[in-house]
Amino acid sequence: MTIHWRGGEDEAFALVGACSVITTAGHFNATRARCALRVPGQNNTTLQASYLRVLNKFSLSTIGLTAMCFNMQGINPTGTIGVNSNTFLIRFTDAAGVVRLRLISSPNNASSSASQFILQKVNAAGTATTLATSFTGFTKNYLAKLSFMIDYQVSGSFVWYIDGVPVLSCTGDLTTDSVTALAGFDLGQPCCNQNTEIVGGHGDWSEAIVADTDPRSLALYTVPPSGAGATSDWDGASDGSTVNEITMNQSSGISTAVADEVALFSQAGTLVSPFIVDVAVSASAMTSPGNPQNLAMALRRSGTTYFGGDQPVDTAFGNIQTGWAIDPSTAAPWTSLSGLQIGVKSRP
């Protein structure tokens, strides 16, 4: 199993439109996460203006994606909404950003407290073909674990699980325009509303993970910096106080104009084996001409600092992350986070 991406906070997503960070109790699992990212509800008469877009690209034909979602479902108690392609729960894109698969609302969404959804494949011209309809869906005001297992090919398969139970399944040709790999995804709202007045149809997302296997057993445990580490070469607060905000403040942080400088921070994670399958360091970073153009993520354990590979940094803020499937200090599976330091290294 390989974890290809993970993200639960605003450094890992573009918050398009009116999305926001929320800390409402019960809308995320507080034992693992610090917040959720809200996609506000809207009516179905216009294209969805707000969604979460993953910042990092991957290229996979076998995808396991899981995330937590709290559904504040907007209900239109009268009338029939009809199939609504303006709003979506989730959609998968190719390397060019073209939507290839999407889950949209089905007619039962308008008159039931449990939504239903339609899976469609979409070609580059925007023509959609319906593949399957869920036989159940969300219950409103409920925090659910959504998992998707996709074999994206001509003889492919798609299964959607809620809390480990399959609610939509199909087999056959999932592809369009001979594209055989997916590279990104957007998270939307769990429902829509036919009325022009929205009835609280938000979707609050957290703990998103992309792997190349069944993701139902995976969860994301977020541990922020909590103090100074062994090395603090970068300018700015060495105690992590400007890089551990729940809502990211891009006007603060740490900085350096010198290559090969390291900034390390302590953390207070208490997770222990056998639950750790991957430890990742994630950051939001940008650069400018004349400054270091690459970034390496760092771990320090048992007196030694380990670095991931160089990753290019853009002139606009983007997400940089590196995961370690094994503890580099022992070359064995992780047993705990005790004593681990996390950080970054500027690279030419």
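**Close-up views of selected residues**

**Figure 1. Aspartate 260 in a loop.** Aspartate 260 lies in the loop that joins strand S16 (225-232) to strand S17 (262-267); strands (E, at least two residues) are DSSP runs, numbered from the N terminus. The model is predicted, local features need pLDDT of at least 70, side-chain atom pairs count only at pLDDT 80 or more, and totals for chains, interfaces and linings use all residues. Residues are numbered from 1 along each chain as its sequence is written, and side-chain values use heavy atoms, with hydrogens and water left out. Phi of aspartate 260 is near 70 degrees, a positive value in a residue other than glycine. With a relative accessible area of 37%, aspartate 260 is partly exposed (buried is under 20%, exposed over 50%, partly exposed in between; 1.4 Å probe, protein chains only).

**Figure 2. Glutamate 207 in strand S15****.** Phi of this non-glycine residue, glutamate 207, is positive, near 55 degrees. Glutamate 207 is buried, at 3% relative accessibility.

**Figure 3. Aspartate 204 and its surroundings.** Aspartate 204 belongs to strand S15 (residues 202-211) and is buried at 0% relative accessibility. Its side chain makes a polar contact with the side chain of arginine 38 (2.8 Å); a polar contact is a pair of N or O atoms within 3.5 Å, where within protein one must be able to donate a hydrogen and the other to accept it, and residues adjacent in sequence count only if both atoms are side-chain atoms. Beyond neighbours within four places in sequence, aspartate 204 is in contact (heavy atoms within 4.5 Å) with residues including His27, Cys69 and Phe70.

**Figure 4. Cysteine 19 and cysteine 69.** Cysteine 19 is buried, at 11% relative accessible area, and cysteine 69 is buried at 0%. The count of disulfides (pairs of cysteine sulfur atoms within 2.5 Å) is zero.

Definitions and conventions
Helix = DSSP H or I, 4+ residues; strand = E, 2+ residues; numbered from the N terminus.
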